[in-house]
Amino acid sequence: MNEHELAERPFIYRYLDAYSPVGQESEGQNIWINEIEKYVDLVELDPYGTAVATIFSRDGDLQNPDAPNVVIEAHCDEIAWIITHIEDEGYIRVKRHGGSDNMIAPSKDVIIHTHTGKKVPGVFGWPAIHTRKSYVEEGPDQHDLWVDIGTESKEDTLSADIEVGCLVTFNDPLREIGDYWVGRSLDNKIGGYIIAEVAKRISESKVNLPFNLVIVNSVQEEVGLYGAKMIAKKLDASLALVHDVCHNTNTPRIEKAKDGDVKGGKGPCIEFTSQNHRKINAKLREVAHDHNIPLQLTVGSYGNDTVAFFLENIPTAILATPLKYMHTTVEMAHKDDVYHAISLYVEFLKAIDSEFIMDVHNKV
C-alpha cells in the first residue's frame, strides 16, 4: 500500500493497524500525532514518546495564560513479546513484554521489530496435535514458545538483524464483525482514537473551553504506567479524565459474581476504584443522564493510568470502553460504546467550568 492509499484509509484503521509495542510506540504515535495536530494548537513529545497535544483557552484572540489545565488521557502501547535467546537451529525464544497471553500464541503470525527498524515476519510454531501427548491441554508456558522465521541456523537468524531484545507483536489487523471493532490492540489504542475524536469535535465546533484541554497519549502503560507517571509529574493539571478499557463480561467463562455485569452496546463504563474522584464520577453520571448517553458502572482494577495522576494529587476518574477477550488478538469493542464514549467526553468537557474544578480540589 503506497503512502497516498494509506492516507485515504480512515484514521481508526491507520492508527490501530500501526505497531506500537511497549517501548517502541513511535509508528502508531506518529500516526496519532499527524491526525491530532489538525485540531490542536500545540503538540509536544517527551523523551520517551508520550504525546501531549493542547487546545488553549482563549480570551478573545489571545491565549488565556491563567486558564487551568484539564487532561484527557489514553495509552498508546500494545502488549508484545521480547526476544531472550536464539537457538543454534535458528528458532527464537521469547518472554512476555506486557500482559501477553502464552495460551493464544501457538500458530499466530508475528512481526519481529529489529533494532535497525526492519520488520521480519514469523510465526509461533507448535507441534501437530497428532504428535502431542494429549488432545486435552490448557496450553504452553511462555518459555515453551518459539518463533520460526524459516531459517535453519542461528547465524541465518542473526543475519536478518534479529537479536536479543528485539520486540515481537502479533500481526492481526483491525476489522469489523457485526456491531464490533475487532483487533489486536484495542487496549488501549481505541482510547487514543476516542480522545483524538474528542479533540476533533471540540475544534470543529469552535467551543472556547474555560480551560486548556490537554490531550495525552502515553507510552508504556502495559509494563507499569511509566509514561503517565512521567508526564503527570510535569503537567500542571487541575483534573484528569483517563480512558482505558474494561471487561465485557457477557461471554462464556466469565463469572459475573466475580467480575460484574457489563455488556457491549450498553454504553461506556464509569469504573469505581479508590483513586477515582467521586465528584468527577457524579458529574459524568449527571452529564450522561442530561444528554441521554447510555452509561454502565463497574469496579475497576488498580493498575491503570489513573494511578499516575492520583499519586500527583490530581483529581482523576476513568471512563472505560468494554472489551471482549482483552489481551488477545480478537479484542472486541462495540461501535456504539466507542461513539458514546466520545460523546460523553465532549459533553463532560463542555459542562465543567472553573467553579467545578475548584470544587473537586476542596475536601471530598
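Is tyrosine 15 buried or exposed? At 0% relative accessibility, tyrosine 15 counts as buried, since the cut-off for buried is under 20%. Keep in mind as you look around that this is a predicted model.

## An aromatic cluster

Let's stay with tyrosine 15 for a moment. The structure holds eight aromatic pairs. In one of them, phenylalanine 11 and tyrosine 15 are stacked, with 5.7 Å from centre to centre and 15° between the planes. These two residues are four apart in helix α2 (residues 11-17), so about one helical turn separates them. Phenylalanine 11 is buried too, with a relative accessible area of 6%.

Phenylalanine 11 also pairs with tyrosine 193, this time in a tilted arrangement: 5.9 Å centre to centre and 35° between the planes. Because phenylalanine 11 lies in helix α2 and tyrosine 193 in helix α5 (residues 186-204), this pair ties together parts that are 182 residues apart in sequence. Tyrosine 193 is buried, as is phenylalanine 11. Together, Phe11, Tyr15 and Tyr193 form one aromatic cluster.

Valine 299 belongs to strand β17 (residues 296-299). With 64% relative accessibility, valine 299 counts as exposed, because the cut-off for exposed is over 50%.

Technical notes: Residues are numbered from 1 along each chain as its sequence is written. This is a predicted model: local features need pLDDT of at least 70, side-chain atom pairs count only at pLDDT 80 or more; totals for chains, interfaces and linings use all residues. Side-chain values use heavy atoms; hydrogens and water are left out. Buried means under 20% relative accessible area, exposed over 50%, partly exposed in between (1.4 Å probe, protein chains only). Rings of Phe, Tyr and Trp (its six-membered ring) pair if their centres lie within 6.5 Å; planes under 30 degrees apart count as stacked, over 60 as edge-to-face and the rest as tilted.
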